Amino acid sequence: MANIVELKNINKIYGDKIKTQVLYDINLRFEENSFNSIIGESGSGKSTLLNIIGTLDKPTNGEVFIDQNRTDTLDKKALSVLRNQTMGFIFQFHYLLPEFTAKENVLMPYKINSYKVPKEVDEWADELINLVGLAKVKNNLATDMSGGQQQRTAIARALINKPKIILADEPTGNLDSDTTENVYSILKNINKNFKTTFIIITHDQRIAEKTDRIIEIKDGRINLDLRK
Amino acid sequence: MRLSFDIALRFLKSGKGQTLLIILGISVGVAVQMFIGSLIQGLQISLVDTTIGSSSQITISSVNKDKTIKNWERVVYEANLLSPNIKNISVSADGPANIDYEEDIDSVLIRGFNLDDADRIYKFKEGLLEGSLPFKKDETIIGKELSTKSKAKLNDKIVIVTPSGEQIKLKVTGIFDLEVSSLNDTWVVTNLETAQEILSLDSNVTSVEMQVSDVFKADEIAKQLKYTLSIEDTKVDNWKDQNQSLLSGLNGQSVSSYMIQVFVLVAVLLGISSVLAISVVQRSKQLGILKAMGIKDKDASLIFVFQGLMLGLIGAIIGVCFGFALLYVFTKFAVKPDGNPVVPIFINKGFIALSGMFAILSATIASLIPARLSSKLNPIEVIKNG
Ligand SMILES: Nc1ncnc2c1ncn2[C@@H]1O[C@H](COP(=O)(O)OP(=O)(O)O)[C@@H](O)[C@H]1O
Ligand SMILES: [Mg+2]
């Protein structure tokens, strides 16, 4: 299978005077349609790694390839387009736009690229909202929803442009265990039905065990890489 | 771009208190600017009007030996042709004479006019306290001070001693008050024929007087007139050259009015800019997530430019309404005993439109700083720090 994400010799060093190396010579490949998890202690460098994959951060050295194209050398504008078209983000803090309704939030990544929303995209948004079980609150402002509802809105939003990759950083970090189960089964279904690649950071061992591949990061290095 | 507009609108709507505060700030700025501007302009116009509104603004007189213009019909004709800006052309036969009121003698100025023409400049009819204009030969109107001094009442006769020593009796057909004491004191106004006879001018006149539509162009027009007149031995005076101190006073007033307006504007600008800059910080989470989702820096900046534009537009509109309300209240309550406003207000549409445009422009310029801040904002900062 083709690699959708490829990292070559990634190092990340923070700071100018006092240098802190966070990632050491990371080499990683993620296959298309795979469902992956990254685990590790707090401060081990998981988020840094994910943000580098997501082009939000740049490696100090090393090469990043998304869908065979090198990204660490692209300019800001090209990266914006790349993120908008090929990636969906789900963060621990859902980061909805509180001024907009659930449905408007879901459509936002589409509108960033093209303002007019055709009927089929509008229907796709409704379908996603149904999929994450938010039909009843889709016209609520983001601030008028529970934490779980907001996180599920963020999932629907990450999917609206049918991205090839979804990057999730502790997406259930602040949800109760029932809701956590529910959110993961949604992600798993999406992976099955839409062939989306998932890279999910989690600290929940039970969740990690349900994924196809577990990568453990320890002190900025890959400590374990388990495939099922 | 349209998304930026939508987001800008939502941001403004969701921060209602802040939005209203900025709009209020802009409105007050525009209203104050408009009020001060209209007041100063009104003041200046009324000042100019009282000073020169009822007098000759361009005067053609003769520099030849006997100070007379013979071919004055030609002068009137040419002045008429020169510019549509020239109006109320009137010829006059002027000269000094003495008035003899039995116990005393006093010098006066004989002014002979074609009264219908001269009335357009001097507004004798309006100024008449009693009686009517002296259309017939040997009739006159005199000012109220001269009437008191000479004890000449309506229909009395006054005795004029001509420069050649002759005595001529004039019948007083009216008493005027032109609100300038030197005129009320010394003018003896007659028709052209009477003055020509008293002053031995034959059928000549001594000056051609006129007014202009745009009073501040009087000097230019006077220059053109001097250049085009075919009659020799004339000089062309205009009110601007004769009222330099008034003009420099007006100028100083304009400058200080502009200063006030500029400072109001700067205050508004700083206010908008700082509130918008704060709002970038407040919305940095939203901006970060929009950027993570791929919004371009340019569109992120546009959100703030649109906010500035909308705030400026709404603020300007409300400000102009405020300004009108202020002017209305002023003209209604700051009044003299006769019911007229203390300072006449001049509503200059162009000036008001300009203040409005300026507010919109400055709000937009003020938004450029926050726009730049938002363009520089890196989504990773937001995402990392929660
Ligand atoms: N801007 C920064 N400057 C210095 N150190 C940083 C910066 N950002 C993150 N770090 C450090 O990098 C390490 C890895 O952080 P992170 O990737 O967020 O870990 P994780 O997500 O695994 O908890 C931490 O020790 C953190 O303190
Ligand atoms: Mg983390």
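A residue is taken to be near a molecule when one of its heavy atoms lies within 4 Å of it. In this predicted model, residues from both chain A and chain B surround ligand 1, and the site is therefore shared between the chains.

**The ligand site**

The residues around ligand 1 include A:Tyr14, A:Val22 and A:Glu41, the run of residues A:Ser42, A:Gly43, A:Ser44, A:Gly45, A:Lys46, A:Ser47 and A:Thr48, and, from the other chain, B:Lys384.

**The interface between the chains**

On the side of chain A, 27 residues are in contact with 27 residues of chain B, and the area buried between chain A and chain B is about 2500 Å², of which carbon and sulfur atoms give 65%. Within chain A, the residues that lose the most area to chain B are A:Tyr95, A:Glu99 and A:Tyr115, which together make up 28% of what that side buries.

Charged and polar pairs also occur between the chains, with a count of three salt bridges and of nine residue pairs in polar contact, both residues being at pLDDT 80 or more. Helix H2 (76-86) and helix H3 (102-113) of chain A each supply at least two residues of the side that touches chain B, and H2(A) gives the most to that side, with six residues. By class, the side of chain A that touches chain B has 14 nonpolar, four polar and nine charged residues. One salt bridge joins the side chains of A:Glu104 and B:Arg10, with a distance of 2.6 Å from N to O.

**Strands of chain A**

Within chain A, strand S1 (residues 3-14) pairs with strand S4 (residues 61-66) in the antiparallel sense over five bridges, and A:Leu7 stands opposite A:Val64 in S4(A). S4(A) is also joined by two bridges to strand S5 (residues 69-70), again running antiparallel, and here A:Phe65 has A:Arg70 in S5(A) as its bridge partner. The hairpin of S4(A) and S5(A) has two residues between the strands, and in this hairpin A:Asp67 takes a positive phi near 55°.

Terms used:
Residues are numbered from 1 along each chain as its sequence is written. Chains are lettered from A and ligands numbered from 1 in the order in which they are written. This is a predicted model: local features need pLDDT of at least 70, side-chain atom pairs count only at pLDDT 80 or more; totals for chains, interfaces and linings use all residues. Side-chain values use heavy atoms; hydrogens and water are left out. Contact means heavy atoms within 4.5 Å. Buried area is the accessible area (1.4 Å probe) that two parts lose on being put together, summed over both. A salt bridge is a side-chain nitrogen of Lys or Arg within 4 Å of a carboxyl oxygen of Asp or Glu. A polar contact is a pair of N or O atoms within 3.5 Å; within protein, one must be able to donate a hydrogen and the other to accept it, and residues adjacent in sequence count only if both atoms are side-chain atoms. Helices (H or I, at least four residues) and strands (E, at least two) are DSSP runs, numbered from the N terminus. Ala, Val, Leu, Ile, Met, Phe, Trp, Tyr, Cys and Pro count as nonpolar, Asp, Glu, Lys and Arg as charged, and the others, Gly among them, as polar. Two strands pair if DSSP finds at least two bridges between them.
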